[in-house]
Amino acid sequence: MADEVVLLDFWPSPFGIRLRIALAEKGIVHEYKEEDVWNKSPLLLQMNPVHKKIPVLIHNGKPVSESLIALQYIDEVWNHKAPLLPSDSYLRAQARFWADFVDKKIFEIGRQLWATKGEEQNAAIKEFLNCIGVLERELGDKPFFGGDTLGFVDVTLISHYRWFLVYEKFGNFSVEAEHPEFIAWVKRCMEKESVSKSLPEQEKVYDYAMLLRKKFGIE
Amino acid sequence: MSAEDVVLLDCWVSPFCMRVKIALEEKGIQYEERAEDLFGGKSELLLTSNPIYTKVPVLVHKGKPVCESSIIVGYVDETWASPPLLPSSPYARAQAKFQADYIDKKLFDAGSSIWRTKGEAQEVAVKDFIEVLKQLEKFLGDKDFFGGDSFGFVDIITIGITSWFSAYEIFGNFKVEDHAPKLSAWINRCMQRKTVAKVIPDPEKVYEFVINLKKMMGFE
């Protein structure tokens, strides 16, 4: 019996993007279903009744929610190709820690960045760049966080990239100026087809961010 | 392997530290507990082992630190295989992690809101907390434990926070048992386990701790 894989997703979501990358890396045939997060489908509400959020991976009718959990699920089920997590338990714990850091810190600070102005925004920019610096140090001399190939942390972090450029635009700063090694890592990730094909167009993400700002009354 | 190989930077009242201790006890691992004084001044070891968050728990295994309680419990489960805390099927594991993630995101913060507020805001906080308990009951269903017949990952993630329930009940003027009887029964079931009874502090002592915490934080 062939596997049936469906991804409920929303095009600009970093949380969805990372699952797209993982599915592409592993060559998993799947159906992509676009959700309108402002008008959620009955399927989404049925598949993720607790949080009612995308992404949801539906494998043979059974849903897996929360992107980092779904990433690990994909890695465990389709373990024949492109492993995302290392096999050593200590390195796995480290990878989970850094992926959790990315989502805890980067996403929240980023949100403050495009949603605030003045002092508050400056503070957020400072913290954001600080976090990039921490990640740069963690990367060290490795081409990827996962070593020679894309790993769990790479997939988690690069999925935010289109939004980094939105933060730079609204905050009027440059990540490359402060952290060129980080941008070098970005470029290496973007050379992978699984990444470049999974990220939405930059212009579309800017436009969506502008829409959000209007919607929330931020000018 | 001696206890020196496994060191836990700990605080007796932290539900997050309780998770790690119970996991280690379940696996029969000898460990050294090092109490951190979170108000007096964090130790050098804590600051160097967890520079990002400077929080407990931190598990230091053969000199290498692991941080974030749910990640530590996962590490303990993967490093010492028996008895397994997570189920073996990928789908069941994903479900367990989802429930643990929900508990991580919601339970402790919902409880904290109760003692940090007063009046109408506190009534709302109690209501929200009860909603979370009801969701936990949905996860539990009619099973003995979250994982089924055996005590496992989600039980370990959750049981420590229940030592704070008495404090929430006193401040919020409600009883968990009235709103979530199945969960109350689950708490009692877990407390029968030696590993849990050994680690969970007396709710009276937790209540006194919260009173002092309130004073210190200026919530009166």
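## A salt bridge between Arg92(A) and Glu78(B)

In this predicted model, Glu78(B) and Arg92(A) form a salt bridge, with their closest N and O atoms 2.8 Å apart. The term salt bridge denotes a side-chain nitrogen of Lys or Arg within 4 Å of a carboxyl oxygen of Asp or Glu. Arg92(A) belongs to helix α4 of chain A and Glu78(B) to helix α3 (residues 69–79) of chain B, so the pair joins two chains. Helices (H or I, at least four residues) and strands (E, at least two) are DSSP runs, numbered from the N terminus.

Arg92(A) counts as buried, at 15% relative accessibility, whereas Glu78(B), at 28%, counts as partly exposed. Here buried means under 20% relative accessible area and exposed over 50%, with partly exposed in between (1.4 Å probe, protein chains only).

## Basis of the description

The model is predicted: local features need pLDDT of at least 70 and side-chain atom pairs count only at pLDDT 80 or more, while totals for chains, interfaces and linings use all residues. Residues are numbered from 1 along each chain as its sequence is written, chains are lettered from A and ligands numbered from 1 in the order in which they are written, and side-chain values use heavy atoms, with hydrogens and water left out.

## The interface of chains A and B

Chain A contributes 26 residues to the contact and chain B contributes 22, where contact means heavy atoms within 4.5 Å. About 2200 Å² is buried between the two chains, and carbon and sulfur atoms give 66% of this area. Ile69(A), Tyr90(A) and Phe97(A) supply 27% of the area that chain A buries against chain B, more than any other three residues. Buried area is the accessible area (1.4 Å probe) that two parts lose on being put together, summed over both.

There are 6 salt bridges between chain A and chain B. On the side of chain A that touches chain B, β4 (62–65), α3 (67–77) and α4 (89–115) each supply at least two residues. The largest share, 12 residues, comes from α4(A). By type, this side of chain A divides into 12 nonpolar, 6 polar and 8 charged residues. Ala, Val, Leu, Ile, Met, Phe, Trp, Tyr, Cys and Pro count as nonpolar, Asp, Glu, Lys and Arg as charged, and the others, Gly among them, as polar.

## Further salt bridges

Over all chains, the structure holds 25 salt bridges. In one of them, the side chains of Glu76(A) and Lys97(B) meet at 3.7 Å, N to O. This pair crosses between chains, from helix α3 of chain A to helix α4 (residues 90–116) of chain B. Glu76(A) is partly exposed at 22% relative accessibility, and Lys97(B) is buried at 13%.

Another salt bridge lies within chain A: Glu127(A) pairs with Lys105(A), the closest N and O atoms being 3.8 Å apart. Glu127(A) is in helix α5 (residues 118–139) and Lys105(A) in helix α4, so the pair ties together parts that are 22 residues apart in sequence. Salt bridges that share partners also join Glu66(A), Asp101(B) and Lys105(B) into one network.

## The nonpolar core

In soluble globular proteins, nonpolar side chains tend to be buried together. The largest nonpolar core here has 158 residues, of which Phe128(A), Trp185(A), Phe129(B), Trp164(B), Phe165(B) and Tyr168(B) touch the most other members. Such a core is a set of buried Ala, Val, Leu, Ile, Met, Phe, Trp, Tyr and Cys residues joined through side-chain atoms within 4.5 Å. Leaving aside neighbours within four places in sequence, Phe129(B) is in contact with residues including Leu107(B), Ile114(B), Phe165(B) and Tyr168(B).
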